[in-house]
Amino acid sequence: AELIADLRRAVDEGQLHLEFQPIVDLATGAVRSAEALVRWRHPQLGMLSPARFLPLAEETGLILPIDRWVIHEACRAAATWQDRIPSATVAVNIAASHLRRPDLIATVTEATAGAGLAPRALTLELTESALIEGSDAVLDRLSQLRELGIRIAIDDFGTGYSSLSYLHRIPATELKIDRSFVARVAEDNRAYATVEMVTRLAGAFDLAVVAEGVETDRQHDAVAAIGCVQGQGFRYGRPAALGELRTVLARRR
Ligand code: G
Ligand code: G
Ligand code: MN
Ligand code: NA
């Protein structure tokens with residue numbers, strides 16, 4: 001309960017910050033994108049991970065101001081690296097409750113315009129469960145976002161109640177293969193087949209595909225052999241401060 005009051009203050013008092021994790025082209029190592037991940041430096045408890053405070057934020061509705069802050073901050077950050085890699089995008093995670101709100105469109109439009117960022121440089125990451133409970137209004141909203149040029153990723157793909165029919169309805173631009181499959185891809189035939197199937201499916205739907213949670217060379221080799229195009233994970237870079245990401249971008253130019 002006390003943590004709720006603290007969280008309420010955290011947004012206003014600037015205790016939140018973002019880390020960025022690179023998403024790379026598996027063949028060349030070039031950075032294609034970066035996922036923004038929120039962190040909370042609590043004045044007494046120290047650094048808190050999203051797993052610690054996002055569930056609380058969801059319960060209390062504080063997730064909305066947090067997500068809005070993240071969207072604005074991520075767009076401002078992406079504007080600072082656009083000169084280095086104009087095609088690089090920034091990805092932000094969007095809570096299910098946020099997706100249900102009509103004002104998501106205004107938030108996103110203001111954030112990109114305010115930062116001077118092209119809408120196609122912003123990807124919204126949505127989980128399967130957020131999408132599956134989506135009403136027609138949510139589908140309309142996603143279509144509007146796509147018309148604006150915003151990219152839509154389905155995060156943790158394969159872990160929700162995947163109905164293949166929703167892939168036909170959701171105007172996604174990419175699939176992110178959940179790291180639970182990637183973790184076992186090099187030693188488990190079924191995990192390998194799952195990554196292979198999702199990669200083929202992405203190809204057939206003309207969607208980009210990202211293997212998440214690549215930690216080892218063996219996992220990298222397996223997902224690359226399967227034909228997955230992009231990867232994210234500790235093998236390529238941990239979530240890090242904006243300054244560090246800019247260094248990585250400069251190096252891989
Ligand atoms: O960075 P970490 O692995 O601790 O993140 C844990 C989870 O928190 C991830 O599933 C991620 O999607 C989620 N997350 C991280 N940052 C944000 C954010 O800004 N908004 C929302 N809604 N979720 C986030
Ligand atoms: O659910 P989502 O995909 O948004 O989660 C992103 C989270 O995954 C981040 O919190 C990040 O810290 C974590 N992550 C990123 N790369 C790796 C990895 O290689 N291994 C593991 N275990 N976690 C990772
Ligand atoms: Mn994500
Ligand atoms: Na994910």
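Residues are numbered from 1 along each chain as its sequence is written, while chains are lettered from A and ligands numbered from 1 in the order in which they are written. Because the model is predicted, local features need pLDDT of at least 70 and side-chain atom pairs count only at pLDDT 80 or more, whereas totals for chains, interfaces and linings use all residues.

**Strand 4**

Helices (H or I, at least four residues) and strands (E, at least two) are DSSP runs, numbered from the N terminus. A residue is called buried if 20 or more other C-beta atoms lie within 10 Å of its own, exposed if 12 or fewer, and partly exposed in between, with C-beta atoms placed from the backbone. Strand 4, residues 89-93, has five of its five residues buried, so the rest of the structure largely encloses it. T89, A91 and N93 point one way from this strand, while V90 and V92 point the other way.

Two strands pair if DSSP finds at least two bridges between them. Strand 4 runs parallel to strand 2 (residues 31-42), to which three bridges join it, and it also pairs in the parallel sense with strand 5 (residues 122-127) over four bridges.

| Feature | Helix 2 (50-60) | Helix 10 (residues 189-204) |
|---|---|---|
| Buried residues | F53, L54, A57 | T194, V195, V198, A202 |
| Exposed residues on the other side | A51, P55, E59 | N189, R190, A204 |
| Buried residues pack against | helix 1, strand 2, strand 3, helix 3 | strand 6, strand 7, helix 9, strand 8, helix 11 |
| Following residue and its phi | G61, positive, near 85 degrees | D206, positive, near 60 degrees |

The arc is that of the directions from the helix axis to the C-beta atoms. In helix 2, the buried residues F53, L54 and A57 cover an arc of only 110 degrees around the axis, which puts them on the same side of the helix. In helix 10, T194, V195, V198 and A202 are buried, and they cover an arc of only 95 degrees, which puts them on the same side of that helix. The expected span of a helix is 1.5 Å times one less than its number of residues; for the 16 residues of helix 10 this gives 22 Å, which agrees with the 22 Å between its end C-alpha atoms.

**The two ligands**

A residue is near a molecule if its C-beta atom, placed from the backbone, lies within 6 Å of it. The residues around ligand 1 include L37, V38, D67, N93 and P239. Strand 2, helix 2 and helix 3 (63-81) each give two or more residues to this shell, and helix 2 provides the largest share, three residues. Ala, Val, Leu, Ile, Met, Phe, Trp, Tyr, Cys and Pro count as nonpolar, Asp, Glu, Lys and Arg as charged, and the others, Gly among them, as polar. The shell around ligand 1 divides into nine nonpolar, two polar and one charged, whereas that around ligand 2 has four nonpolar, five polar and five charged. Of the 14 residues around ligand 2, G213, E215, G233, F234 and P239 come nearest.

**I85**

I85, found in the loop between helix 3 and strand 4, counts as partly exposed because it has 17 C-beta neighbours inside 10 Å. Not counting residues up to four places away in sequence, I85 touches V31 and L249.

Technical notes
Two residues are in contact if their C-beta atoms, placed from the backbone, lie within 7 Å.
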